[in-house]
Amino acid sequence: MKSKDELKVQSNYHAFHHEVLLPALNECLSCIENDQLMLHQAYAFNMLIAHTVDHIWQVAKVFRSQSITRKSIIDSLDTHYGLESARFPEGVFKLIDGVNNSIKHVELDSTRSNNQSLINCYGQFNFLMLKGRDGRVYFSSRHTDYFDYGRIVLRHAAELLNVRFDEIGDDILDLLDGQWTNGYEDEYTDDPIDMMIEYCNPICQDCGRGESCDCDNYSYVGQKGFFNPETNDHFNFDDVMSSISGAYKP
Ligand SMILES: [Zn+2]
């Protein structure tokens, strides 16, 4: 039986998630998918994702411990769901938080210990680092970084959080424990023709584009971008071809 505080925080999170966050994430993903993301929208979607951390934090404090810190929530999200650490050594959720703070405070306060590693990584961090162009929003630092912030960072976080659920308390704790896959890993089709179509038309998992992927134009801390195809571990060319045509001989 849940306590009064647990029921209250659960109800609050449910309202935030379903009535505010999900409609925004769907709009965000649609703008990104159609290359219609404007700079002000990127900041708005980024702000909601950053504030989702605060709402998750409230749930974790009531269901787990009041001593849990906001930083530990961000660290946990990055540990379990961050993109490749070589490209985002500070983590994507920490980057989202830094971008949110940079528009809130014009630039990050370099005297705060939480900000120092971000500033060491990206240089002085201010809200001018995001730039909108042709329906896309780029991150550009005076160091080496230049990449599609909408398609790579916001899309990643929006897809992770874009899920409906009922038992908010339990599901959020599963999220923090790294138990939440949001179905990504189970999305692969088992229809052989669909599998072959996907194999012949790979999608870049970083930007979500196929042939039009331009990730090789991007640079990250110490690393150049590249076409990063989604792979289906269940795909075996000979097995799939045999399923499609009995005449196929491996
Ligand atoms: Zn790409």
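The domain assignment of this protein, which is automatic or taken from a database, gives domain 1 (4-185) and domain 2 (187-250). This is a predicted model, in which local features need pLDDT of at least 70 and side-chain atom pairs count only at pLDDT 80 or more, while totals for chains, interfaces and linings use all residues. Residues are numbered from 1 along each chain as its sequence is written.

Let us begin with the two domains. Their C-alpha centres lie 27 Å apart. Domain 1 gives 15 residues to the contact and domain 2 gives 10 residues, where contact means C-beta atoms, placed from the backbone, within 7 Å. On the side of domain 1 that touches domain 2, strand S3 (146-148) and helix H6 (149-161) are the elements that give two or more residues; helices (H or I, at least four residues) and strands (E, at least two) are DSSP runs, numbered from the N terminus.

Next, look at a pair of helices. Helix H2 (residues 39-63) packs with helix H3 (residues 70-81) at an angle of about 110 degrees, their axes 9 Å apart. Axes are lines fitted to C-alpha atoms over the stretch in contact, and angles run from 0 to 180 degrees between N-to-C directions. H2 and H3 are therefore roughly perpendicular to each other, a term for angles of 65 to 115 degrees. From H2 come Val53, Asp54, Ile56, Trp57 and Ala60, and from H3 come Arg70, Ile73 and Ile74.

Finally, visit a loop. Most residues other than glycine have a negative phi. Aspartate 35, however, has a positive phi of about 50 degrees, and is found in the loop between helix H1 (4-33) and H2.

Definitions and conventions:
Two residues are in contact if their C-beta atoms, placed from the backbone, lie within 7 Å. Angles under 35 degrees count as roughly parallel, over 145 as roughly antiparallel, 65 to 115 as roughly perpendicular and the rest as oblique.
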